[in-house]
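Student: I would like to learn how to read a pocket and a helix. Please show me the model.

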Amino acid sequence: MSFNPGSFQLDGRRALITGSGKGIGLELARGLGAAGAKVVINDRNRDKAQAVARQLRDEGIGAEIAVFDVTDRAGLFEAIDTFETRVGAIDILVNNAGIQRRAPLEDFAADDWHALMRVNLDGVFHVSQAVARHMIGRRRGKIINICSVQSQLARPSIAPYAASKGAVKMLTQGMCAEWARHGIQANGLAPGYFATEMNRALIDDQAFSQWLCKRTPAGRWGRVEELCGSAVFLASAASDFINGQTIFVDGGLTSVV
Ligand code: NAP
C-alpha cells in the first residue's frame, strides 16, 4: 500500500487536551482542530472552559468541554466516563496540564514538591488511566504526553520540575510497553522554551532571554503554534508505528552543548 498524505488528517476524531484554557494547551487544541479533530477543552473552571470552546467554535473548530481537575482522581473519572457515555469517544488524549515552581533545591518546600508532582506526574497517570480504559475497549487510541527539555536536561531552581518531566517521559514508555498491544500509541512531545504565562519570570528576565537565545541553535524562543505540527502528526494515523518516543520541539536546544 502506498503512502497516503491524507493520513495526517484528524477528521472524525475527538481530542481531549488537559489544561487547554490557555497557553500551549489552547494552541494545541487550535492545531488539532485545524487538522479536522473535534476538541474537548478541559479547565477546572466551567465558565472559562465554555468561553474558550465558544471562541474556538467562532474560529470554525468543533469544540466541547470537560470540566475537571487533573489531581482529583474521583472527579476526573466521573467526568471522563460521563463524557464517553453522553457525548462520545475520546480518540486522542493530550496530557498538557502542568505547573512550575522555582526555588533552590535545598530550600524547596515539601508542599511545593507534592503540588508539582500531583499535577505534572500523578495527573498524567490518573487521566491516562481513565481515558485508556475506554481506548482499550475500542482497540485504538493516541496519547500525547507533554514533556519538556527538562525531561532530559536539568537547570538550577527547577530540579523537582525536571524530575516530574523526566518521569513523564518514562511513563510514556511504560504506556507503550503496556498499551501498544491494545492498539494505543503513546508518545511524548517535549517543548523547549515558549513564551507562555508559565515562563513569565523568564520572559521578563533579559539576561535569561539573551542566554537562552545564545544557547538555542535556532537563536530564539519558540512560538506556540510551532508545537502543532508534531502534535497533529502524533495524533494521526501517519504515526501509527511510532510508540514510546519523545519528540523534542526545541529549536535544537537538546542537540547541542
Ligand atoms: P500555562 O500557560 O501555565 O498553562 C497551564 C495550563 O494547565 C493552564 O490552563 C492551567 O489552568 C492548567 N492546569 C494547571 N493545573 C491544573 C489542574 N490541576 N487541573 C487541570 N488543569 C490544570 O503553561 P504552558 O506553558 O502552556 O504549559 C503547558 C504544558 O507545557 C505544561 O505541562 C508545561 O510543563 C509544558 N511545557 C511548557 C513549556 C513552555 O516553555 N511554556 C516548555 C516545556 C514544557 P489554570 O489556568 O486554571 O491554572
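Student: Which element gives the most to the lining of the largest pocket?

Tutor: This is a predicted model, where local features need pLDDT of at least 70, side-chain atom pairs count only at pLDDT 80 or more, and totals for chains, interfaces and linings use all residues. Residues are numbered from 1 along each chain as its sequence is written, and side-chain values use heavy atoms, with hydrogens and water left out. Helices (H or I, at least four residues) and strands (E, at least two) are DSSP runs, numbered from the N terminus. Here H1 gives the most to the lining, with three residues.

Student: Is H1 largely enclosed or open, and why?

Tutor: Buried means under 20% relative accessible area, with a 1.4 Å probe and protein chains only. Nine of the twelve residues of H1 are buried, so H1 is largely enclosed by the rest of the structure. Among the buried ones are Ile24, Leu28 and Gly33.

Student: What span does H1 reach from its first C-alpha to its last?

Tutor: The expected span of a helix is 1.5 Å times one less than its number of residues. H1 reaches 17 Å, close to the 16 Å expected. Just after H1, Gly36 takes a positive phi of about 115 degrees.

How values were computed. Buried means under 20% relative accessible area, exposed over 50%, partly exposed in between (1.4 Å probe, protein chains only).
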